[in-house]
Every structure is written in structure tokens, then in C-alpha cells.
Amino acid sequence: MPFFTISKTILRSLFGRPATLMYPAVPREYVEGSRGHIEIAVESCSFCSLCQRKCPTEALSVDRETKIWKIDRLRCIACNFCAEACPKKCLSMATGYSPAVTSPGETEEHHA
Amino acid sequence: MIESQDFRETTPERLIGEVQGMRDAGYRLVQIGATRTEGFEINYSFDRNLEFVNFKIRLADNTEAIPSISGVYWSAFLYENELHDLFGLNIKNIHIDYQGHFYRVARPAAFAEKPPPPKIKRAVKPTAGTEVKET
Amino acid sequence: MRTIIPFGPQHPVLPEPIHLDLVVEDETVVDVIPSIGFIHRGLEKLVEKKDFQEFVYVAERICGICSFIHGMTYCHGVEQLMKIEVPPRAHYLRTVWSELSRIHSHLLWLGLIADAFGFESLFMHSWRLREKVLDIIEATTGGRVIFGSCKIGGVRRDIENGTLREIAAKLRDYAVEYKDLGNVFLNDLTVKRRLCGVGVLSGPDALGLGSVGPMLRASGVAQDMRLLKYAAYGGIDFAPVTAEEGDSYARCAVRIGEIFQSVEIIRQCSEKIPGGAIEIKVTGLPEGEFYARTEQPRGEVIYYIKANGTKNLERLRVRTPTFANIPPMLKIMTGCQLADVPVLVLTIDPCISCTER
Ligand code: SF4
Ligand code: SF4
């Protein structure tokens, strides 16, 4: 029938469950393995700065003297390259987005 | 499976004739692209039923005149304008010539510039007692 | 009387900027002059700064929709230059991801074309179905559109055989809904009125103007780069989807046919996938020149890679499918009605940011 061909689809979604979430009342659940943001367990970091050299976007900076590990969340593309390279396995990829920052270039610091 | 790569050399003078031959044999124009080597190389690629053929012309610099093939393959004007805007190549008689306004670029012919000499590695200060592995 | 009407760079049907000067006589378009280059990013030049392994990330970001296939084509090219034998399992995984991205890209396009001819609820339903494919992609690679799962020498993540079979089963369920959706596109009277006989491109014209992908196949030319048997396509049984008419309806039908074809290819992959490693270690540096050609949702993409034995490539040239499809788009627009211009721009499935790289 060349008319009302979409009615089946419409009826199905009329009586089915909604396709969208009532966000933010219902939070989004991330699947495991979704690449959201990088987390660091700074206690085990040896400040070897390998992650800094591996990062394709130069989002990381590691200072060996002051023992500060910094990440610019807006530069990071969540590629997981640093986590694969880290010899101490202290970097990991977590789900969910990192919080908003107020200005570009603002870094998040982790002190040992 | 590795696709066979058929590269044939030609010259700007013989170009139109070769391209016309490809057109008559029923080839499709796949792309035209340039490379900056010591001088410049231009590749003209053609395809017929997955059979892939390339014609390469070598130029000493980008002032040399090259005939446009847009008279043979109408669609070539896009590629030729691109070559002109990015490499500053001097292509004559393009069917639709944008006169350098095809791409809005900050600097004309930026792709013709040689890359800067390799950067010195980002300084790492090794301190005693730490292993620095470079891969 | 002739009037020139500027169309774009900002226009409700255009997701990305392209400008067309339409020369119209009454309501008929008699000539079109395209103008692109609003978003030229110079990514090809970036190979001189990024090393060849890092560049996979840049290649993936050339386009936001066929991102995986861009990354894969780049890897394929470099692997051929370095004579790396990628493990067969990695080849199969690449094939699965390529086909998933083809499904999501075609559903995206179906939504956009529905939007272009003003069928809003069809647009919403296409994108609702696309969202489910994106969920599969996120669960297997970690990203929704930037997969980031391809690397030189293999892939970064594995999909377990069981999960792969579940995905194939899920897609088979979704295919029922795709069928209902396809039915609206192919049989609804109002949709047919907007698509049938609009923008006819004959087979010889399509070849002569260098069109690629669904544009070419809708004109009756059975050309599909997957027949080159890159990745695992050599072990898969499939034939290019074609149509004869060469009008907008045929292009729509080809893309809908390819959605089902992709579902079928993923099913075959889930059965045929061999075990083993998913990557091998890469040593050495690339040298030589190579043309890698693969089939994207929009058509054939060309990666020309020239390497000189250093860690930066000498030249990377990307010819994206939309670039090749602009001349045929101009051809089908001359002589059309002004009101059909948005539909015709969309039937080539334009992706401008990858056109300009
Ligand atoms: S690579 Fe790992 S151990 Fe080294 S500085 Fe980075 S986070 Fe720390
Ligand atoms: S995830 Fe990628 S971009 Fe982000 S910090 Fe790590 S290496 Fe850099």
C-alpha cells in the first residue's frame, strides 16, 4: 500500500518503550569499555614521562622534580595510547565524561 | 590480497594523448594528486573494472606549464584547481578555472614548501635511578 | 530571465558548508558553479609533523562518519608498504567494524534525506535505529563514531566470538525494523514523488564523470572496491548492490540494499572468524609508494602513501568519495527544478569536511 507506510513504525513506538532517556533524571549508563576519560593512580606513578611523549595531542605534562602529573582535559582525545604505554600501569580509561572546565588550557593536576 | 600497482611514466607533452587513450579505452578518472619531492610529481590515476593504472609526470619546479586534461575528463577541473591552490602548479586551460580561489587557504601553495628539518627530540631529563624506555 | 541564486554555505539541509551558485531560469536550474574550501584543514600536510603510527588518529578524524574506514585504509596502506602480514582475526574484526560503520552511515543518510524532503518523523525513526548501531559500536570499541580501534599491525581490541554472534543476532532483529523503514522509503507515494525520476545519471555519464560508490552503482555499474579483497572481504560471499535507473530513488534503494548486505556480511564474519592474535608487532619504517583503495559508505576512498624510510611519511594524499561525486552532482543538477536542489545535494551523501581534509 503506497499510503501510510510509516504507520506500523509509528504504532510500534507509540506502544513501545520510549527510545530516549529522561536525562538527567535517569542517568545514562555507560557500557563497560566506553572510552570516557583517563584516570591516574598517582601513588604508583614513577614520573617517567613516557605517557607525555606518547600522547598524540600533547595533552599530558609530567614534571619529575615536583612530582606533578597534569592533564589538559580539552586536548585529550581519549585514545588510550598513554594507558597502553605506561610501564607502571597506573593510567586507566574510565567511562563517563570529565567535568567541564572554565577556560581552555586549564589543566588538572595530580600530586604524588 | 595485495593490489597491483601500475605506475607508468609520461611527460607533460605526451600527457593529453595518453589520457585521451585511457578515456577511449573506457577508463574512469580516479584522481590527480601531486607530491613534492626534490621537484614535483603528479600522478594521474585511472580505473577500469578494478584495474588500476597510474601515469606519473615529474617536474623540476612548479612554474613549468602543464596542460589541463579537463578537456578530456570534464571532472578533472576540481583536481587541477586543487593542485594549483595547494602546490602552486601552473596548469593551463582548465575548463573552470577558479584562479586560486578554490580553497580558502591562509597561505598560497603551502604544500609546495619543504617540511622543516626534523625536530630535536623533546628534552627528557633522565635522573639517576630511573629507567627511561624509548620505543 | 536568468537569476543567480546563492545556495549555502549555510543552508538547513547542509550539515557542512558548501556553496553553490545556481543559475536559474524561472524555476529551472540551468547551470551550477560549486565553491568549496571553507573548511580546508591541511591534514595531509600534518604527516610531516606526526609520526606514521600516531597518524592513524589523525586519519580517523578526517571524517566523523566513515572514521573507522579512514583509519583502516591508512593502516592498510602502511602495512602493504612495510609488508606486514596482519593476523586474519584482525582482518575479520576490521571487516565487522567497517560494515557496522556502513550501516550507521546509511541510516544517517536516510534520516538526512527524509529531512531534506520534509518527512520529519521518518528522519527521527532512521536516527533512532542508528542509535542502536552506535550502541553496539560503543560497546565493542569504546567510541561512538571515532572508533580508535585500528592500528598499524592489527586492531587494539578484540570482540569475543560469543559477543560477535550476539551482535549478528541483534542486527538480524534490527533488520526487521530496517525493513519497515525501507518500505517507507521505497513504497510510500509521497516519498516516491520526491525521488523517482529526479536527477537521472546514466551509466556512461557516471563513469565519465568519475563518480564512485552508491552513485555509480545506482546507475547500473557494479563497481565496489570491496571486490579488491582487502581486509577479510576475500573470504566473504557478497555481490555489489546495483540499480538501473540512476535517479534519486535508485540511489536510495542501493543504500537501503547495502544496509541488509552489511548485516549479512557481519553474520558471515561471526561464523567464519578464525582465532589467534589480533595484532603483530611492528618494526621498521615504511618506504615506497602505495595506493590503498577501499570502499566507504560514500564510495571509493584513495590513500596515496609515499614514504622515504623515516618516521614521517613524505606525502599522504586522500581522495575522498565526495570529492569524486561533486562533478556528477553538478551534472544531475543542471535542468532540475529549484525545489529539488536540496534533495539532489543530499543524494550524493555529501561529506564536505572529508572532501577538503
Ligand atoms: S607513563 Fe605512567 S608511570 Fe610514567 S609518568 Fe606517565 S603515568 Fe607515570
Ligand atoms: S588518552 Fe590519548 S590524548 Fe588522552 S592523554 Fe592519553 S594519550 Fe593523550
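B:Ser75 counts as buried, at 3% relative accessibility. Buried here means under 20% relative accessible area, exposed means over 50%, and partly exposed lies in between (1.4 Å probe, protein chains only). The model is predicted: local features need pLDDT of at least 70, side-chain atom pairs count only at pLDDT 80 or more, and totals for chains, interfaces and linings use all residues. Residues are numbered from 1 along each chain as its sequence is written, chains are lettered from A and ligands numbered from 1 in the order written, and side-chain values use heavy atoms, without hydrogens and water.

B:Ser75 sits in the loop between β5 (65-67) and α2 of chain B. Helices (H or I, at least four residues) and strands (E, at least two) are DSSP runs, numbered from the N terminus. Leaving out residues up to four places away in sequence, B:Ser75 touches B:Leu29, C:Gly208, C:Leu209, C:Gly210 and C:Pro327. Contact means heavy atoms within 4.5 Å. A polar atom of the B:Ser75 side chain lies 3.4 Å from the backbone oxygen of C:Leu209.

## The interface of chains B and C

Chain B gives 43 residues to the contact and chain C gives 45 residues. The buried area between them is about 3800 Å², with 56% from carbon and sulfur atoms. That area is the accessible area (1.4 Å probe) that two parts lose on being put together, summed over both. On the chain B side, B:Arg28, B:Leu50 and B:Arg104 lose the most area to chain C, together 18% of what that side buries.

Between chain B and chain C there are five salt bridges. A salt bridge is a side-chain nitrogen of Lys or Arg within 4 Å of a carboxyl oxygen of Asp or Glu. C:Glu289 forms one with B:Lys56, with the closest N and O atoms 2.6 Å apart.

Elements giving two or more residues to the chain B side are β2 (28-36), β3 (40-48), β4 (51-59) and α2 (76-87). The largest share, nine residues, comes from β2(B).

## Salt bridges within chains

Over all chains the count is 36 salt bridges. B:Arg28 pairs with B:Asp47, the closest N and O atoms being 3.6 Å apart. B:Arg28 is in strand β2 and B:Asp47 in strand β3 of chain B, 19 residues apart. Both are buried.

In chain C, C:Arg2 forms a salt bridge with C:Glu25, at 2.8 Å between the closest N and O atoms. C:Arg2 lies in strand β1 (residues 2-7) and C:Glu25 in strand β2 (residues 19-25), so the pair ties together parts 23 residues apart in sequence. C:Arg2 is exposed at 56% relative accessible area, while C:Glu25 is partly exposed at 32%.

C:Glu295 forms a salt bridge with C:Arg217, the closest N and O atoms being 2.9 Å apart. Both residues are buried. Salt bridges that share partners join C:Glu99, C:Arg102, C:Arg217, C:Asp224, C:Arg226, C:Glu258 and C:Glu295 into one network.

Definitions and conventions
A polar contact is a pair of N or O atoms within 3.5 Å; within protein, one must be able to donate a hydrogen and the other to accept it, and residues adjacent in sequence count only if both atoms are side-chain atoms.
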